[in-house]
Amino acid sequence: MLFATSGEFQELFVRAVAGALNSAAPIDAPAVGLDAVSEMLTDQRDRVRSRQAVIMANPELQERDLIKLISMSAALADTLRRHGVTESAASLAAEAGVAVFKVGFERWIAGDEERESSRLMRESLDELKAVTAGR
């Protein structure tokens with residue numbers, strides 16, 4: 001039950017990234033996917049916080065959650081490759097997109113956080129870009 005929407009979530013993320021690849025660089029395309037999944041999360045913060053607390057209290061569920069993220073990264077990388085992105089660039093962009101999601105998501109479910117998930121996801125992506133640019 002905790003992972004019932006995982007497939008829908010991944011499909012939404014991947015579909016949004018694929019649609020963005022016509023006009024966005026591989027590192028920027030995941031941002032469109034992050035916006036799409038953020039919209040799916042809107043108005044679910046309390047439920048998602050409760051869900052995440054259950055997952056964090058159970059090592060087997062933590063493992064399943066990590067597998068979900070690995071699957072999402074693989075699907076993103078495959079989508080990027082199908083759109084002409086090289087193997088290594090596709091893998092890096094997909095992993096970066098999932099890392100940005102993970103950091104933004106963790107910020108969003110923090111007890112004292114009130115900002116929207118889409119804003120936190122974009123801030124996390126901007127921070128990643130700043131780190132890679134040496135700022």
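I count rings of Phe, Tyr and Trp (its six-membered ring) as a pair if their centres lie within 6.5 Å; planes under 30 degrees apart are stacked, over 60 edge-to-face, and the rest tilted. The model is predicted, so I note its limits: local features need pLDDT of at least 70, side-chain atom pairs count only at pLDDT 80 or more, and totals for chains, interfaces and linings use all residues. Residues are numbered from 1 along each chain as its sequence is written, and side-chain values use heavy atoms, with hydrogens and water left out.

I looked up the rings. The structure holds three aromatic pairs. One of them joins Phe 105 and Trp 108: 6.3 Å centre to centre, 45 degrees between the planes, hence tilted. Both residues lie in helix α5 (residues 87-109), three residues apart, about one turn of the helix. I take helices as DSSP runs (H or I, at least four residues), numbered from the N terminus. Phe 105 is buried at 10% relative accessibility. Trp 108 is also buried, at 2%. My cut-offs are under 20% relative accessible area for buried, over 50% for exposed, and partly exposed in between (1.4 Å probe, protein chains only). One cluster takes in Phe 9, Phe 101, Phe 105 and Trp 108.

**A charge over Phe 9.** Which residue's charged end sits over the ring of Phe 9? I find Lys 68, 5.9 Å from the ring centre. The criterion is NZ of Lys or CZ of Arg within 6 Å of the ring centre and within 35 degrees of the ring normal.

**α5 against α6.** Two packed helices are described by the angle between their axes and the distance between the axes. The axes of α5 and helix α6 (residues 117-132) come within 8 Å and cross at roughly 130 degrees. The contact (heavy atoms within 4.5 Å) involves, among others, Phe 101, Phe 105 and Trp 108 of α5 and Leu 120, Leu 125 and Glu 127 of α6.

**Glu 127.** Glu 127 is in α6. At 39% relative accessibility it is partly exposed. Glu 127 and Arg 49 are 78 residues apart in sequence and 24 Å apart in space, C-alpha to C-alpha.

**Asp 43.** Asp 43 is in the loop between α2 (29-41) and α3 (45-56). Its phi is positive, about 70 degrees, although Asp 43 is not a glycine. Asp 43 is exposed, at 78% relative accessibility.

Methods. Helices (H or I, at least four residues) and strands (E, at least two) are DSSP runs, numbered from the N terminus. Axes are lines fitted to C-alpha atoms, for helices over the stretch in contact, and angles run from 0 to 180 degrees between N-to-C directions.
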